[in-house]
Amino acid sequence: MNKTLIALALTSTLNVSAFAADSYTIDSRHTFPSFEVSHLGFSIQRGRFNNSAGKITLDTSAKSGSIDVTIDTASIDTGLAELEKHLQGEDFFDVAKYPTITFTSKSLKFEGDKLIGANGDFTMHGVTKPVNLVIDHFRCAPHPMNKKPTCGANATTTIKRSEFGITKYVPAVGDEVKIVIQVEATKD
């Protein structure tokens, strides 16, 4: 009898922790990965990607979770069609050959219940490198309009584009690229 109770207690404990993580779907209408790069040392040029998708799981009590984001490289938006066409071409993103940029992480950093970072793999232009995202804004709450549980964050990192095989005009056009991602995700 005691073995049955112990087994039942263990099963109950495992089931609670197995379902403690919440799953969220990224809201592409409120998620726009963007970048900043030096242009000939004169200015900081900015652009963003208009189409992204993904999933986030969070278990704040276990201080764990995962992130899986896919960015459509053809959705690049700089406000200048001629520049966008050039960036989509072989000199830069080569969107015909590399249609997506991805970030995946199973290593989230928490400070209390607050998400403050994520270490993961960033894949661009067919090359995967580890990156660390710093999250300087994180909030989960019921959305005031649709009342669904929603999480939002602002994440940043800096990469060297040459490490991903995108070397055109380096160093005139900066090698270091700051990536900023504002993201909102709704609980499934």
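Predicted model: local features only at pLDDT ≥ 70, side-chain atom pairs only at ≥ 80, totals over all residues.
Q: Where do I start: which helices and strands does the chain have, and how many?
A: Start with a count. The chain has 2 helices and 11 strands. Then read their order along the sequence: α-β-β-β-β-β-β-α-β-β-β-β-β.

Q: What does pLDDT say about the chain as a whole?
A: pLDDT is the predictor's confidence in each residue, from 0 to 100. The mean for the chain is 90. A value of 70 or more is reached by 90% of the residues.

Q: Which elements have the lowest and the highest mean pLDDT?
A: Helix H1, residues 2–18, has the lowest mean, at 42. Strand S6, residues 76–77, has the highest, at 98. Read the start of the chain with this in mind. Over residues 1–18, pLDDT stays under 50. For that stretch the model has 1 contact beyond four places in sequence.

Q: How many residues does the chain have, and what share is buried?
A: The chain has 188 residues, and 36% of them count as buried. The chain exposes about 11100 Å², with 56% of that supplied by carbon and sulfur atoms.

Q: What share of the contacts joins residues at least 24 apart?
A: Take contacts between residues at least 6 apart in sequence. Of these, 55% join residues at least 24 apart.

Q: Which residues of the largest nonpolar core touch the most other members?
A: The general idea comes before the case. In soluble globular proteins, nonpolar side chains tend to be buried together. Here the largest nonpolar core has 39 residues. Ile56, Leu58, Phe93, Phe122, Met124 and Ile159 touch the most other members. Strand S11, residues 173–187, gives the largest share of this core, 6 residues.

Q: What is Phe122 in contact with, leaving aside its neighbours within four places in sequence?
A: Its partners include Ile101, Phe103, Val127, Val131, Ile159, Phe164 and Ile179. Thr102, Thr128 and Lys129 are also in contact with Phe122.

Q: Which residues does the disulfide join?
A: A disulfide is a covalent bond between the sulfur atoms of two cysteines. The structure holds 1 disulfide. This bond joins Cys140 to Cys151, with 1.9 Å from S to S. The link is right-handed, with 110° about the S-S bond. Cys140 lies in strand S9 and Cys151 in strand S10, so the pair ties together parts that are 11 residues apart in sequence.

Q: Is Cys151 buried or exposed?
A: Buried means under 20% relative accessible area. Cys151 has 8%, so Cys151 counts as buried. Cys140 is partly exposed, at 38%.

Definitions and conventions:
Residues numbered from 1 in each chain as written. Heavy atoms only, no water. Helix = DSSP H or I, 4+ residues; strand = E, 2+ residues; numbered from the N terminus. Buried < 20%, exposed > 50% of the residue type's maximum accessible area, 1.4 Å probe, protein only. Contact = heavy atoms within 4.5 Å. Areas by Shrake-Rupley, 256 points an atom, 1.4 Å probe, with all protein chains shown as cover. Disulfide = S-S within 2.5 Å. Core = buried A, V, L, I, M, F, W, Y, C linked by side-chain atoms within 4.5 Å.
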